[in-house]
Amino acid sequence: MTATTEPSRVTAGDTITWTKALSDYPASAGWVLAYTLINSAAKITITATASGDDHLASVAAATSAAWAAATYTWHAAVTKAAERYTVGTGQIVVAPNLAA
């Protein structure tokens, strides 16, 4: 089952997915949602894809395996042509991949 909000904790090396419904900025109308995760040592960008009106954020296990375990501040913004709007901020903890 896919979460319907941004996760607060993930594990490096896992597949990570969630959907985000933004009624004012539907993906079906051409809005693109992107997340930036940042801390003092790293910057990660996740660009969601359209899933009907919703935005589907998906990170492959091979991609998240390269993420350093740490706490990141995230920023979410939608864009369409020359328009850009912030739609959320928060924090996410990336736990280490103990299987690696």
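The largest nonpolar core of this predicted model has 22 residues, and those with the most contacts inside it are Leu33, Tyr35, Leu37, Ile46 and Trp67. A nonpolar core here is a set of buried Ala, Val, Leu, Ile, Met, Phe, Trp, Tyr and Cys residues joined through side-chain atoms within 4.5 Å. Buried means under 20% relative accessible area, exposed means over 50%, and partly exposed lies in between (1.4 Å probe, protein chains only). Two or more residues each come from strands E2 (16-20), E3 (32-38), E4 (43-47), E6 (54-59), E7 (70-80) and E8 (83-95). E7 gives the largest share, four residues. In soluble globular proteins, nonpolar side chains tend to be buried together.

A word on the ground rules: residues are numbered from 1 along each chain as its sequence is written, and side-chain values use heavy atoms, with hydrogens and water left out. Since the model is predicted, local features need pLDDT of at least 70 and side-chain atom pairs count only at pLDDT 80 or more, while totals for chains, interfaces and linings use all residues.

Leaving aside residues up to four places away in sequence, Leu37 touches Ala42, Lys43, Ile44, Ile46, Tyr72, Thr73, Trp74 and Ile92, where a contact means heavy atoms within 4.5 Å.

Next, follow E3 into E4. A hairpin of four residues joins E3 to E4, and the two strands run antiparallel with five bridges between them; strands count as paired if DSSP finds at least two bridges. Across this pairing, Thr36 stands opposite Thr45 in E4. In a regular strand the side chains alternate between the two faces of the sheet.

Now for the aromatic rings. Rings of Phe, Tyr and Trp (its six-membered ring) pair if their centres lie within 6.5 Å; planes under 30 degrees apart count as stacked, over 60 as edge-to-face and the rest as tilted. The count comes to five aromatic pairs. Trp18 and Tyr35 form an edge-to-face pair because their ring centres are 5.1 Å apart and their planes meet at 75°. This pair links distant parts of the chain, with Trp18 in E2 and Tyr35 in E3, 17 residues apart. Trp18 is buried at 5% relative accessibility, and Tyr35 is buried at 1%. Another edge-to-face pair is formed by Tyr25 and Trp31, at 4.9 Å centre to centre and 80° between the planes; both residues are buried. Ring pairs also link Trp18, Tyr35 and Trp74 into a cluster.

E2 takes us on to an open sheet of three strands, in the order E2-E6-E5 with antiparallel pairing. Its edge strands are E2 and E5 (49-51), each pairing on one side only. E5 and E6 pair over three bridges, and Ala50 stands opposite His55 in E6.

Finally, look at the loop between E7 and E8, where you will find Ala81. Ala81 has a phi near 55°, a positive value in a residue other than glycine. With a relative accessible area of 86%, Ala81 is exposed.
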